[in-house]
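Student: I would like to learn how to read the features of a model such as this one. Please show me the structure, and then let us go through it by topic.

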Amino acid sequence: MAKSANSFSSYKLSHELVGHTDEVQSLAIFKNGSFVSTSKDNTARFWKPKEEGVYEESILMKGHTGFVCSACIIEPTAKNPTGFIVTGSSDKNICIYYPGEENPVHTIQAHESIVNGLNASILEKDSFFTCSSDHTGKLWNLYDLTKPEATFLGHAQTAIIWCIADLPNGSVVTGGSDKIAIVYLRSGTILHRLIGHKGCIRDIAVVNVNEFLTCGTDAVTKHWHAISGVCLGTYGGHTNHIYSISALFEGTLAVSCGDDRTVRVWRNGRVQQTIGIPSETVRSVRLLPNKDLICGSSDGVVRIFTVNPQRFIDRESMIKFKEAVIKSIEKYAKESKPKDVGNVEDIPLTSELHQPGEKDGDTIIVRNGDKVKAYRWHQEQFEWKLIGDVVENETRTKGKPTLNGVQYDYVFSVDIEEGKPFLKLPYNKGQDPYLAAQKFLEDNDLDQTYLDRIANFITTNLQLTPILNAEAQYSNPFAEGGRYVSNSPENNDQAGASRSSPPSTLGQINYIPQRQYLKLEQANISAIYEKLKEFNSKNEDGIQRIEPEKLESLVNLVTAENEKPIDEEMNVLKALLNWPDNVVFPVLDIARLAVLRAGVNEQFCSNGILDVLKRHVQNDAVTSNQMLTFRLLANLFSHETGEQFCIRSKNEVLTAVRDLNTLGNKSNEIAISTYILNLVIALNKTNDTFGKMQVLGVIFRLLEILKDTEALFRVFVALGSLILDASSATERKGFVKSVKQSRPVLKALRILLDGVDSSNVPNKLLSLTRQILELIKT
């Protein structure tokens, strides 16, 4: 069969390195091609290349009393010309070695439990990260091992942290058994909790300055943006737990491995090769500097695969390896059964159409009463379009099809190559898809790399095969539409960033970009003052009583015409802000009005005020206090001092907003959305892309829980302003890409435009929604 234009070179076995007497747990690579393997046999082994692609064991590394489950490499520097090897173990210790040395130069107890993961710091050449079953991650410096430089907390108290890494932007990521990944600032402050995996997160691979991959026991890989917290893609391919993933930085190549006894080779989000490994499980996989891949498995063997024919193993050894793989597949088949999709009653209802597709071409089958229909997702129009009605598969009602005189439950037609006849793929119910796929490849003399695609093709078409009224069809595993890929759009560097408003049609009002701060200044001053007097007269614990004339002077902070407030008035205000939570709300109300004056604004933003405000924006805060505090924060932007204060404090406030379980009432939603809008306006005056992506991630979170239409309107204005007033074409494209890949945004847009109850949606919100949709199509 001739190779197509998009063919690729397949990896084939190059070497099998035997030495360990138990399962290989992890691998770590030097830039010069040397590497370390660790094992449950309580040892690590250092391997050096004798020549290109040919390795020998250099040293057996001892020092641990438990199995060695993790390792990382500290590359050589002028200060450390040899570099270091760091290993972690179930004995709770880390050992640090000079390469080629049998015994460690340092041994310390790093954690209270197993050291599951190690990673050298990308930013600090003498530092490394550890993570443990004690639910903590830590940052260490080689020259001060007495205590960690930072500790990363936030996973569940019972969680095991399996992996940790830092990114070039300075952020740190952990993944754990609680199914979440956490993105931290380097100080340990939590930036995002990333929810999406349905199983433990086992490994992390950094792919560029701001993005990384995670893999887990849910058999999927996810692609994340660290700053915004957006999931950029979800990739399927493995059929069981994934334990390890490795990727080329700023490249298109990645490899993964797991419990399905395979290594998968990925390019641009697509599985291009599946390599069977004759072992119970494959625990670790890494890419070598020459792009060879190396994996360690439960049989204690380290295997190297290459695309260079000069380094392929000899023919006889290759035959033995393939035979061992087939035996492993047969054994795996006995342990695995294909999943049943379920009955017609289990098909989702049409309400599922409010949830956007993950990529262009996705299909979904839904039912409305007794009618079952198939839809296809069109990314450009951001909508599901009807394909046709789904009817019962003919092979179920008209007898079994035959092939070469043999009856089968199914005979699929597979289009391997354009212009060539379809190949027939027979399959019986209950048969293992991998065995059927393997026989299909052998019968048709096809490349072994197609095994996974054929098996997935069978699984996809097993149950309610969408036989459409218009035209009967099967999913084609070799066509673009048959691949599970991210819906990432390609960047277009020719798209310029402009600070002008988008063109408007006749009668259309452009609500974006917004460049003037919103002020929340409506109030009944006399009512607030009366409430202050009432509370000031109470004899309750925590109420610092103020003399009546001083209390009256507090109102002057709002009403006085002179620009500079009297110091005594400011002292009274700050003192009353410490009143108990049940009575402090009129003080907060006075403060949010007073900061509209430049003099008050300047003096208010002093040391310690952030701690006072943070107390009222947490999950357990009194709702009225929370609402008034967000109003206060929104009004602080009205003068330069407050504007800079809000920019400096954005990490703490955005974290609080993101972690809110509920937004309370309509007034609170509007207060929060106004703060977000004003923060966007302030950040748009800067080149702080990191900060803008932070607020973009919070906008995505708010769109999942906002209910009030005015609050939605303000958040969408913030979103549109962020995109239109981007400081560069590259920044704008990054924002648009993130928005296109945000399911909360697309779902909110779709629901509003579908007009579920258009009478309750203000015209300005509908108009703005259309503007946003046009904006992200460009």
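**Reading helix packing and local features**

Tutor: The buried residues of α6 pack against α5 (525-536), α7 (567-576), α8 and α9 (598-604). Helices (H or I, at least four residues) and strands (E, at least two) are DSSP runs, numbered from the N terminus. Contact means heavy atoms within 4.5 Å.

Student: What should I know about the origin of the coordinates and the numbering?

Tutor: This is a predicted model, in which local features need pLDDT of at least 70 and side-chain atom pairs count only at pLDDT 80 or more, while totals for chains, interfaces and linings use all residues. Residues are numbered from 1 along each chain as its sequence is written, and side-chain values use heavy atoms, with hydrogens and water left out.

Student: How many helices and strands are in the protein chain?

Tutor: The protein chain has 19 helices and 36 strands. Of its 778 residues, 54% count as buried. Buried means under 20% relative accessible area, exposed over 50%, and partly exposed in between, with a 1.4 Å probe and protein chains only. Among contacts between residues at least 6 apart in sequence, 55% join residues at least 24 apart.

Student: Which residues of α6 are buried?

Tutor: They are L551, S553, L554, V555 and L557. In α7 the buried residues are E569, M570, V572, L573, A575 and L576, and these pack against α6, α8 and α9.

Student: How is a pair of packed helices described?

Tutor: Two packed helices are described by the angle between their axes and the distance between the axes. Axes are lines fitted to C-alpha atoms, for helices over the stretch in contact, and angles run from 0 to 180 degrees between N-to-C directions. Angles under 35 degrees count as roughly parallel, over 145 as roughly antiparallel, 65 to 115 as roughly perpendicular and the rest as oblique.

Student: At what angle do α5 and α6 pack?

Tutor: The angle is about 150°, and the axes are 11 Å apart. That makes α5 roughly antiparallel to α6. Their crossing is right-handed. A crossing is left-handed if the near helix is turned anticlockwise from the far one by less than a right angle, and right-handed if clockwise. On the α5 side the contact is made by I525, Y529, L532, K533 and N536, and on the α6 side by P548, L551, E552, L554, V555 and V558. By class, the contact of α5 with α6 has 8 nonpolar, 1 polar and 2 charged residues. Ala, Val, Leu, Ile, Met, Phe, Trp, Tyr, Cys and Pro count as nonpolar, Asp, Glu, Lys and Arg as charged, and the others, Gly among them, as polar.

Student: At what angle do α8 and α11 pack?

Tutor: Helix α8 (residues 585-594) and α11 pack at about 15°, their axes 9 Å apart. That makes α8 roughly parallel to α11. The crossing is left-handed. The residues of this contact of α8 with α11 divide into 5 nonpolar, 4 polar and 3 charged.

Student: What backbone values deserve a second look?

Tutor: Most residues other than glycine have a negative phi, and most peptide bonds are trans. Here A219 has a positive phi of about 70° although it is not a glycine. A219 is in the loop between β19 (211-216) and β20 (220-225), and at 13% relative accessibility A219 counts as buried. R261 has a phi near 65°, also positive in a residue other than glycine, and lies in the loop between β23 (253-258) and β24 (262-267). The peptide bond from I512 to P513 is cis, with omega near 0°.
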